[in-house]
Amino acid sequence: MSETSRTSEENKLPLNGRRAIPPNYSNDEENEVPEMEAFGLIPRGFNPRDYLRVVDIYMFKEPHEINKQEHHTDKYYNPRLIVRRGQAFQIQIDFNRPYKPETDQFWLEFLMGRYPQQNKGTYIPILVGNALKPGQWGAKIVHRENNSVRLSIMSSTTCIIGKFRLYVAVLTPFGILRTRRNSATDTYILFNPWCQLDAVYLDDEKEREEYVLNDVGIVFHGNVEDTKSRSWSYGQFEENVLDACLFLMDKAELELSGRGNPIKICRVASAVINSRDDNGVIAGSWNNTYDYGVAPSAWTGSVDILLEYYSSKQPVRYGQCWVFAGVFNTFLRCLGIPARLITNYSSAHDNNANLRLDFFLDDEGKVDTRLTKDSVWNYHCWNEAWMTRPDLPVGFGGWQVVDGTPQETSDGMYRCGPASVQAIKHGHVCFQFDAPFVYAEVNGDIFYTRMEKNGTQVVENIDTTRIGQLIVTKEVGGDGMMDITEEYKFREGSDEERLALETAVMYGVKKQSIQDTTYQPQTDVDMDFQAQKAVLGNDFKVTITFRNKSRNSYTATTYLSGNIVFYTGVTKKEFKKHSFSAKLEPSSSSSFDIVIKSSEYMSDLLEQASFHFFVTARINETGKILAVQKAVVLEIPTLRIKTKGELVAGKETSVIVEFTNPLKQTLENVTLRLEGPGVLRTVKKQFGRIPMNSALTWEVRFTPMRPGLRRLIASLNSDALRHVYGELNVQIQKP
């Protein structure tokens, strides 16, 4: 066997019957990319130097240059280009001669991993076009001079996160010529909380500065009567930290194609942050002996831990909850996922997720440690990561609990989350992942149960207020404590809180055998929720209707929660809370109207004017729970567009945009935009203010170029009102 054939045998892929290529989960591994990919036999006289050839690629990757400035990545201590997805960046290519668009053809290729594939997002060919589409891969030439072209490149808003290799390919009649492998042009692509189309979009600049760009934080510890705080260095921009964070995803064996999804990344990261079952980053130790390692309280930040793990590939000893949370926070912020570290005081560790902690007492009333498996922590730290949850119903995006501390297995591994904070608050613990566990951590009731000699259990006492008394995080822009208990739960002892607990029990009850089932739904009462069609800036009415089909009189403790949500379903703010007691007469329907005033929602209203309502009711006589939720979108006024006279290609004409302010307030900082693809380039105009009920008229003169059916699109933006649009189809005549 010749030497060459033997090496080619060895280089063949390890095949198995299940997949054509091995799993692709290393960002570091590379494949050989041919510099000359011939189409067939190459004629003898072929000389690649006769064709367009890349001499140099300039990445504008210095911290002071345009890319890192515009992408908020100038703080990373990393010589490579780092950009955020869904946002354009620039590179310059120097050729051996001027580029001639008529005859020359070149394109870019971004590759990741050892087996790049286009349908997996690990091989991305980018042709040079005339225009960039928001949120989609593309490139266009923005400047040509001598032998150089400058390109603006747009990445996809769902692009996978990590380090890509860049090649420039040139088409010749006999094959494709590529640039040589050059690590200096490697490009990191990260999540983009500044981009509205990204799953991690966060709308508040101060919050982005805190939850993405702040590299130090505060850990609150101690206990609820005596809280203490300490600083923690996240250091997400330090040298090699970004590479270490990408390595964690390789270690977790997350397929490269799944790395554009923050839900998946959080789920696998919560497992790999701890060393249980996967040799992850930190070995936990709670027994006060820290031989051959560092005591958890000695760490001052995440960088040492991550870099030690990155070089040794062995778990770093030792951590407790705030260490896991601190390192997890670094990981999330480093990749561009907004994140914060949370402390829950009096945190329940519920071994069997039955939403109650069972403390068994012996005859003398002391806790029987042999029988008691549940525990309450003085405090417990976890993280929240901000993202949309397209896998859940509307309203459950926003902050998600993720926890890297190994407490319980979830789907066979020590991990926890992401679990929607909103779902936990309302007791909707049926929504993945691990919501019942987190719900019990902040909400469980403590049952003190005495075991009789004959084995029967007597519940002596139920403590409903101890668990999750105080949940806090660092305030935005300062080092103080921000109390976020209300994000997780209703006020202790309130009807709403009991109601949410009973809803959680309803959804989270363990699947028990039919004989000892504890859950019988209330079948003889129906509850329905309707909202009146509502126009932005007006009051509107919502109606809760009960239908009592039984012959009994009931009273229902009813709670309505109105939330302002992003169009992606992420909650911004609860703006309406209303509870009442409803008397339900036998065999009849009763309706209860609640007025939602514009003054309650206008100050916090988001651009798409979406609400999400939760309604929960408990039938007091039977203890049964009814729950319903509904999304409501207000009608936003539109712009009117009119044309004057007929439209003829090559002849100047004008279009008029009109708008009347319907709100009970003056609109400030109004900007209008108008564009028509193929008709007119985008034009913008600033109007200082529009008083209430007054109208605005804007005339734009333009000369349409090409005949045919076209569309004009206008938008209005202001401080209090956004997402105001108008459009008009126009037929442009031939001259």
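Guide: The conversation below moves from overall content to cores, annotated positions and strands.

Visitor: What kind of model is it, and how are residues numbered?

Guide: This is a predicted model, in which local features need pLDDT of at least 70, side-chain atom pairs count only at pLDDT 80 or more, and totals for chains, interfaces and linings use all residues. Residues are numbered from 1 along each chain as its sequence is written, and side-chain values use heavy atoms, with hydrogens and water left out.

Visitor: How many helices and strands are there?

Guide: The protein has twelve helices and 40 strands. Helices (H or I, at least four residues) and strands (E, at least two) are DSSP runs, numbered from the N terminus.

Visitor: And how much of the protein is buried?

Guide: Of its 735 residues, 51% count as buried. Buried means under 20% relative accessible area, exposed means over 50%, and partly exposed lies in between, with a 1.4 Å probe and protein chains only.

Visitor: What share of the contacts joins residues at least 24 apart?

Guide: Among contacts between residues at least 6 apart in sequence, 67% join residues at least 24 apart. Contact here means heavy atoms within 4.5 Å.

Visitor: Which residues have the most contacts inside the largest nonpolar core?

Guide: They are L242, F331, L332 and L335, in a core of 64 residues. Helix α7 (residues 321–335) gives the most to this core, with eleven residues. The core also draws at least three residues from each of domain 1 (36–190) and domain 2 (212–507); these bounds come from an automatic or database domain assignment. A nonpolar core is a set of buried Ala, Val, Leu, Ile, Met, Phe, Trp, Tyr and Cys residues joined through side-chain atoms within 4.5 Å.

Visitor: What does L242 touch?

Guide: Not counting residues up to four places away in sequence, L242 touches Y76, N78, I82, Y188, L190, C334 and L335. Apart from this core lies another, of 54 residues, among them V657, L672, V700 and V730.

Visitor: Changing topic, which residues does UniProt list for "active site"?

Guide: The unreviewed UniProt entry lists C321, H380 and D403. They are spread over 83 residues of sequence but cluster in space, with a largest C-alpha distance of 9.9 Å. UniProt positions are given in the numbering used here, feature names are shortened, and annotations may be inferred rather than shown by experiment.

Visitor: Is C321 buried or exposed?

Guide: C321 counts as buried, because its relative accessibility is 3%. C321 lies in helix α7. Leaving aside neighbours within four places in sequence, C321 is in contact with W286, W377, Y379, H380, C381 and T405.

Visitor: Where does H380 lie?

Guide: H380 lies in strand β18 (residues 375–387), and H380 is buried, with a relative accessible area of 0%. Beyond neighbours within four places in sequence, the contacts of H380 include C321, D403 and E441.

Visitor: On to strands: which ones are joined to β4 by bridges?

Guide: Four bridges join β4 to strand β2 (residues 54–58), and the two run antiparallel. Six bridges join β4 to strand β8 (residues 148–154), again antiparallel. Strand β4 (residues 89–95) is mostly covered, with five of its seven residues buried. Two strands pair if DSSP finds at least two bridges between them.

Visitor: What is the strand order in the open sheet of three strands?

Guide: The order is β34-β35-β38, with antiparallel pairing. β34 (640–644) and β38 (695–702) stand at the edges, each with a single partner strand, so one side of each is left without a neighbour in the sheet. Eight bridges join strand β35 (residues 653–660) to β38, and E658 stands opposite T697 in β38.
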